[in-house]
Amino acid sequence: MSDPVVYVTREIPDAGLELVAAETEMHVWDGKLPPEKDHIIERLEELEADGLLCLLTDETDGEVMDASPNLDVISTFSVGYDHVDIDAAMERGIAVGHTPGVLSDTTADFAWAMLMTTARRTVEGSEYVLADEWETWGPKLLTGPDVSGATLGIVGLGNIGSVVAQRTAGFDMDVLYTDAEPQPDVEEDLADYGVDAQYVSKDELLERSDFVTLHVPLMEPTHHYISEDELRAMKDSAVLVNTSRGPVVDTEALDKALENDWIERAGLDVTDPEPLPGDHEITRHVPEKLVVTPHIASASIQTRDKMATMAAKNLLAGLRGEELPNSAVEDWQRK
Ligand code: GLV
């Protein structure tokens with residue numbers, strides 16, 4: 001029997017490509033930018049592909065799925081799968097895999113990096129030096145809010161949010177969280193780290209937190225989860241950090257909030273639109289009130305290798321007709 005045919009929409013780390021290449025006829029898009037959706041459809045069609053390994057930049061809907069009559073599995077090199085139409089995949093009996101767990105530490109580390117850098121104005125400080133403005137040590141120069149002892153509000157105490165909470169142990173913070181429902185098991189695990197995470201309503205979290213960090217998947221109820229009302233409800237000294245998905249925050253509302261000092265500052269690793277053009281209106285707040293990075297929270301060398309391996313294993317399991325080690329369909333059904 002001939003090897004199954006797969007299409008990979010970008011060059012992922014070798015750790016994954018080598019696994020896929022060993023068991024399939026593998027075709028990889030070698031462009032630096034994502035292939036157009038029409039191109040993915042064309043390739044799936046002409047290859048009559050059995051599997052698709054895609055990225056979060058590839059809109060993967062029913063039209064894509066229908067391009068090849070043989071398509072058995074879609075494996076995304078990401079934990080988030082909002083770019084894949086799971087209902088359409090279920091209707092067609094196509095398995096979908098994703099990469100949960102392996103990026104939680106790395107992403108939580110980055111959320112902390114973003115929180116610290118936004119609060120303590122490191123980007124602004126660096127630009128200040130480069131602009132040759134640094135004349136002397138200053139008692140009031142680039143002061144920001146304390147992180148130690150502050151109140152951290154975590155939206156979504158899942159895989160990543162719970163690791164963000166663990167990391168508060170050294171900072172003596174009050175930890176609040178909100179979620180669809182209380183997470184007593186996670187609270188218990190956190191207690192082992194000396195962290196007392198308290199479940200509160202969204203309103204209470206916004207009202208009490210000095211830092212608000214977002215760790216929810218993008219779904220209908222989380223689209224514009226932070227909009228004008230929420231930003232007005234936050235402390236005017238608050239810092240907002242988003243490492244989840246861009247549309248969880250209403251960009252226009254955030255722009256207004258920064259303009260009118262409804263909150264102090266924001267750090268975004270994800271944006272809407274994404275990629276964010278360098279001349280987008282909201283960038284006028286950089287660096288004094290806004291820090292922006294290009295969706296790199298999971299970008300450690302080790303984690304990207306693990307994601308590639310996991311994505312490859314999901315793909316190969318689907319091609320063999322086995323249960324996927326990490327099924328996005330099961331995850332979706334639990335939500
Ligand atoms: C990154 O954002 C991911 O979903 O893996």
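Colleague: Which residues of helix 11 are buried, and what makes them buried?

Modeller: In helix 11 (residues 251-259), the buried residues are Thr251, Ala253, Leu254, Asp255, Ala257 and Leu258, and each is called buried because its relative accessible area is under 20% (exposed is over 50%, partly exposed in between; 1.4 Å probe, protein chains only). This is a predicted model, in which local features need pLDDT of at least 70 and side-chain atom pairs count only at pLDDT 80 or more, while totals for chains, interfaces and linings use all residues. Residues are numbered from 1 along each chain as its sequence is written, and side-chain values use heavy atoms, without hydrogens and water.

Colleague: What covers the buried residues of helix 11?

Modeller: The cover includes helix 10 (228-233), strand 10 (239-242), strand 11 (265-268) and strand 12 (290-292), where contact means heavy atoms within 4.5 Å. Helices (H or I, at least four residues) and strands (E, at least two) are DSSP runs, numbered from the N terminus.

Colleague: How do you know which residue caps the N-terminal end of helix 11?

Modeller: A side-chain oxygen of Asp250 lies 3.1 Å from the backbone nitrogen of Glu252, and a polar contact is a pair of N or O atoms within 3.5 Å, one able to donate a hydrogen and the other to accept it within protein, with sequence neighbours counting only if both atoms are side-chain atoms. Asp250 is therefore the cap, its 3.1 Å falling within 3.5 Å. Just after helix 11, Asp261 takes a positive phi of about 60°.

Colleague: Why do the buried residues of helix 2 line one face?

Modeller: Helix 2 (residues 37-47) has Ile40, Ile41, Arg43, Leu44 and Leu47 as its buried residues. Seen down the helix axis, they fall within an arc of 165°, so they line one face of helix 2; the arc is that of the directions from the axis to the C-beta atoms. The face turned away from this buried side carries the exposed residues Asp38 and Glu46. Among the elements covering the buried residues of helix 2 are strand 1 (5-8), strand 2 (25-28), strand 3 (51-54) and helix 3 (62-65). After helix 2 comes Glu48, with a positive phi near 50°.

Colleague: Why are strand 8 and strand 12 called edges?

Modeller: The open sheet has 7 strands in the order 8-7-6-9-10-11-12, with parallel pairing. Strand 8 (197-199) and strand 12 each have a single partner strand, so one side of each is left without a neighbour in the sheet.

Colleague: How do you know that strand 11 pairs with strand 12?

Modeller: Two strands pair if DSSP finds at least two bridges between them, and 3 bridges join strand 11 to strand 12, which run parallel. Leu268 stands opposite Val292 in strand 12.
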